[in-house]
Amino acid sequence: MFHTMAEPQSLAQRAAHDINHPLTRALLALTFTTGLVDGVSYLGLGHVFTANMTGNIVLLGFGIAGGYGLPVLAPIVSVLAFLVGSGIGGVLARRRATVHYVHFGLAIGIEIGLLAVTTIFAAIRTPHIGAFSGYVVIALLALAMGVRNATIRKIAVPDLTTTVLTMTLTGLAADSKVAGGDGQGTTRRVLAVATMLVGALVGALELKTSIVLPLATATVVAAVTGVLYLPAARREAGRSTS
C-alpha cells in the first residue's frame, strides 16, 4: 500500500486555522482600521463609505432617486477612486504576489502613505461635506482601501476580507452548531465582526473631537501592523524554503 504525504498548507489555510497566526492578527488589525475609515467618511463626510462599496452602490441609488437628502457625487467619487486603487493593487499582486512579504509590504506601505497624506491634508484643510476638501479625503481613503482589497483578495484568508462582513456573518450562522454545522471558524468570524464594530465605535467617538484623530489612529494602526507583521512573514518564508 502506498502512503501519500499530506500537502503542505498554504499561507491562507494556516492563517484560517490558527487565530494566533501573525497574518490573522494583521488582518484583524486592518479590519479595525476599516471601522475608523468608514466612520470618518460616513459620519464626517456625508453618508458615503470609502471601504464598503456595496453600501455606496445602494446609497447612490437612493441619492439618484432624490428626496432623502443623500449624496450622488460623493459615492461616485468613492467608487471610482476605489476602482483605481483596486487596479493598482491588482497590478501589484500580479507582479509581486510570488513573495508574500514583499507583496504585503508594498501594499501596506501604499496604504500607510495614503492614510498619512489624508491625515495631513485634513489637518491643514478641514474637509467639509460637499466641498472639494471633502471629496479629496473621500478619494484618498477609497484609493487606499481599493489597494488593500485587491491585496487581501489575493491573499484570500477565509472570512478576513478586512472591509466587508456579509459572507463572514453568513458563514458564522450557516456553519454554526445550531444550524447543524461543525462550528469551525466561529472564533475567527466573531473576532472579525467584533473588531470592525470596535473600530467603528472608536472612530465615531474620536470624530466627536476631530476628523483628524480617527485618521491618525488608522494610520498608526496600519503602520504598527506592517512593522510587526513583515518580520514574521519574512521568517516564515525563510522556514518554508529551508
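## A briefing on charge pairs, ring pairs and surface patches

Arginine 188 is a buried residue, with a relative accessible area of 9%. Its charged side chain has a partner: arginine 188 forms a salt bridge with aspartate 159, and the closest N and O atoms are 2.7 Å apart. Please keep in mind as you browse that this is a predicted model.

**The salt bridge of arginine 188 and its network**

- Arginine 188 sits in helix α8 (residues 186-207), while aspartate 159 is in the loop between α6 and α7 (166-174), so this pair ties together parts that are 29 residues apart in sequence.
- Salt bridges with shared partners join Asp159, Asp175, Arg188 and Arg189 into one network.
- Aspartate 159 has a relative accessible area of 15%, and because the cut-off for buried is under 20%, aspartate 159 counts as buried.

**Other salt bridges**

- Side chains of opposite charge can pair when their charged atoms come close.
- How many salt bridges does the structure hold? There are five salt bridges in the structure.
- One of them is between arginine 14 and glutamate 236, where the closest N and O atoms are 2.6 Å apart.
- This pair links distant parts of the chain, with arginine 14 in helix α1 (residues 11-17) and glutamate 236 in helix α9, 222 residues apart.
- Are arginine 14 and glutamate 236 buried or partly exposed? Arginine 14 is partly exposed, at a relative accessible area of 26%, whereas glutamate 236 is buried, at 14%.
- Another salt bridge joins glutamate 111 to arginine 148, with 2.7 Å between the closest N and O atoms.
- Here too the pair links distant parts of the chain: glutamate 111 belongs to helix α5 and arginine 148 to helix α6, 37 residues apart.
- Both glutamate 111 and arginine 148 are buried.

**Aromatic pairs**

- A pair of aromatic rings is described by the distance of the centres and the angle of the planes.
- The count of aromatic pairs comes to two.
- Tyrosine 42 and phenylalanine 49 make up one of these pairs, with ring centres 5.0 Å apart and planes at 25 degrees. Why is this pair called stacked? Planes under 30 degrees apart count as stacked, so the 25 degrees between tyrosine 42 and phenylalanine 49 makes the pair stacked.
- Tyrosine 42 is partly exposed, with a relative accessible area of 28%, while phenylalanine 49 is buried, with 18%.
- Phenylalanine 104 and tyrosine 229 have ring centres 4.9 Å apart and planes at 70 degrees, so this pair is edge-to-face.
- Phenylalanine 104 lies in helix α5 (residues 100-124) and tyrosine 229 in helix α9 (residues 212-241), so the pair ties together parts that are 125 residues apart in sequence.
- Phenylalanine 104 is buried, with a relative accessible area of 3%, and tyrosine 229 counts as buried at 3% relative accessibility.

**The positive patch**

- On the surface, a patch of positive charge gathers Arg94, Arg95, Arg96, Arg153 and Lys154.
- Which elements give two or more residues to the positive patch? They are α4 (73-96) and α6 (132-155).
- Helix α4 gives the most to the positive patch, with three residues.
- Arginine 153 is part of helix α6, and arginine 153 is exposed, with a relative accessible area of 73%.

**The nonpolar patch**

- A nonpolar patch on the surface is formed by Ile64, Val72, Leu73, Ile76, Leu80 and Leu83, which together have about 530 Å² of accessible area.
- Isoleucine 64 is found in helix α3 (residues 53-65). Isoleucine 64 is exposed, at a relative accessible area of 59%.

**A loop residue between α4 and α5**

- Where is valine 99? Valine 99 is in the loop between α4 and α5.
- Valine 99 counts as partly exposed, at 34% relative accessibility.
- From C-alpha to C-alpha, valine 99 and proline 214 are 32 Å apart in space, and in sequence they are 115 residues apart.

Technical notes
Residues numbered from 1 in each chain as written. Predicted model: local features only at pLDDT ≥ 70, side-chain atom pairs only at ≥ 80, totals over all residues. Heavy atoms only, no water. Patch = residues over 30% accessible without salt bridge, like charges linked within 9 Å, V, L, I, M, F, W, Y side chains within 5 Å. Areas by Shrake-Rupley, 256 points an atom, 1.4 Å probe, with all protein chains shown as cover. Salt bridge = Lys/Arg side-chain N within 4 Å of Asp/Glu carboxyl O. Lys, Arg positive; Asp, Glu negative; His and termini not counted. Charge placed at Lys NZ, Arg CZ, Asp CG, Glu CD. Helix = DSSP H or I, 4+ residues; strand = E, 2+ residues; numbered from the N terminus. Buried < 20%, exposed > 50% of the residue type's maximum accessible area, 1.4 Å probe, protein only. Phe/Tyr/Trp six-rings, centres within 6.5 Å; stacked < 30°, edge-to-face > 60°.
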